[in-house]
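Let us walk through this chain from its overall build down to single residues. Keep the model in view as you read.

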Amino acid sequence: MSGKLKVAFFDLAGCNGCLLSMLNRAEFYEVLGLIEIADFRLVRAERVEGPYDAAFVEGYPGSQEEIELLKQIREQAKILVALGSCACTGNLQAIRNFQGLEEAKNYVYHGRLKLDVAEVQPLDAYVPVDIYLPGCPANGDEAVYTIKCLAIGKTPELVTHAVCVECKIRDTEC
Ligand code: SF4
């Protein structure tokens, strides 16, 4: 890849814990020399329009507006990264799928949140996702590692199984 990796970070319905977990890593500031941050609402107001080499998206689309935003991000991004379990699976937010939108709005969010999507669904229910970084919050080290790999044109090698699997493979008892 020639030049810096143009990266954008977005937060849909979620708690910002995944993005904060990444910002809390000292290594994140070391990769800043390799990337151009095009959009990062938590960090600065200034925005650079796409297209992006990579977009990291935290949270799930909770409103029609956010579904449209997600589709626009997908069109603009060569690589779309689902950051955190809300983006990868719907996570705890999906509990409201058993409760109903109106009840959730009134009793959990006290009418404060703009939610108009009946069912919580992960990003890949709406658009193709290239890289999944699950975890609640997402592992900040993995997020920084992924940025670093993409910046040098390498595919990140991510562990996709739980540590329990490694013990089973080695016949290590619990
Ligand atoms: Fe927050 Fe967890 Fe969702 Fe990340 S995965 S946005 S930390 S609830």
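Begin with the contacts. Take those between residues at least 6 apart in sequence: 73% of them join residues at least 24 apart. Keep in mind that this is a predicted model.

Now the elements. The chain has seven helices and five strands. Read from the N terminus, the order is β-α-α-β-β-α-β-α-α-β-α-α.

Next, the overall dimensions. The C-alpha atoms fill a box of roughly 50 × 50 × 25 Å along the principal axes. The radius of gyration is 17 Å; a compact globule of 174 residues would have one near 16 Å, so the two agree. Buried residues account for 43% of the 174 residues.

The accessible area is about 9800 Å², and carbon and sulfur atoms contribute 53% of that.

Then look at the aromatic rings. The structure holds five aromatic pairs. One aromatic cluster is formed by Phe 9, Phe 28, Tyr 29, Phe 40 and Phe 56.

Most peptide bonds are trans, and most residues other than glycine have a negative phi. Where does a cis peptide bond join Gly and Pro? Gly 50 and Pro 51 are the partners, with omega about 5 degrees. Pro 51 sits in the loop between strand E2 (35-40) and strand E3 (52-58). The bond from Cys 136 to Pro 137 is cis as well, with omega near 0 degrees. Pro 137 belongs to the loop between strand E5 (131-133) and helix H6 (140-151).

Positive phi values come next. Asn 16 has phi near 70 degrees, a positive value in a residue other than glycine. This residue lies in the loop between strand E1 (5-11) and helix H1 (17-23). Is Asn 16 buried or exposed? Its relative accessible area is 18%; buried means under 20%, so Asn 16 is buried.

Asn 91 also has a positive phi, near 55 degrees. Its place is in the loop between H4 and H5. Asn 91 has 23% relative accessibility, so it counts as partly exposed.

Finish with Gln 93. The loop between helix H4 (85-89) and helix H5 (101-108) holds this residue. Gln 93 is partly exposed because its relative accessibility is 21%. Gln 93 and Leu 19 are 74 residues apart along the chain, and 17 Å separates their C-alpha atoms.

How values were computed. Residues are numbered from 1 along each chain as its sequence is written. This is a predicted model: local features need pLDDT of at least 70, side-chain atom pairs count only at pLDDT 80 or more; totals for chains, interfaces and linings use all residues. Side-chain values use heavy atoms; hydrogens and water are left out. Helices (H or I, at least four residues) and strands (E, at least two) are DSSP runs, numbered from the N terminus. The radius of gyration is taken over C-alpha atoms; the globule rule is 2.2 Å times the number of residues to the power 0.38. Buried means under 20% relative accessible area, exposed over 50%, partly exposed in between (1.4 Å probe, protein chains only). Contact means heavy atoms within 4.5 Å. Accessible areas come from the Shrake-Rupley method with a 1.4 Å probe; for residues, only the protein chains shown count as cover. Rings of Phe, Tyr and Trp (its six-membered ring) pair if their centres lie within 6.5 Å; planes under 30 degrees apart count as stacked, over 60 as edge-to-face and the rest as tilted.
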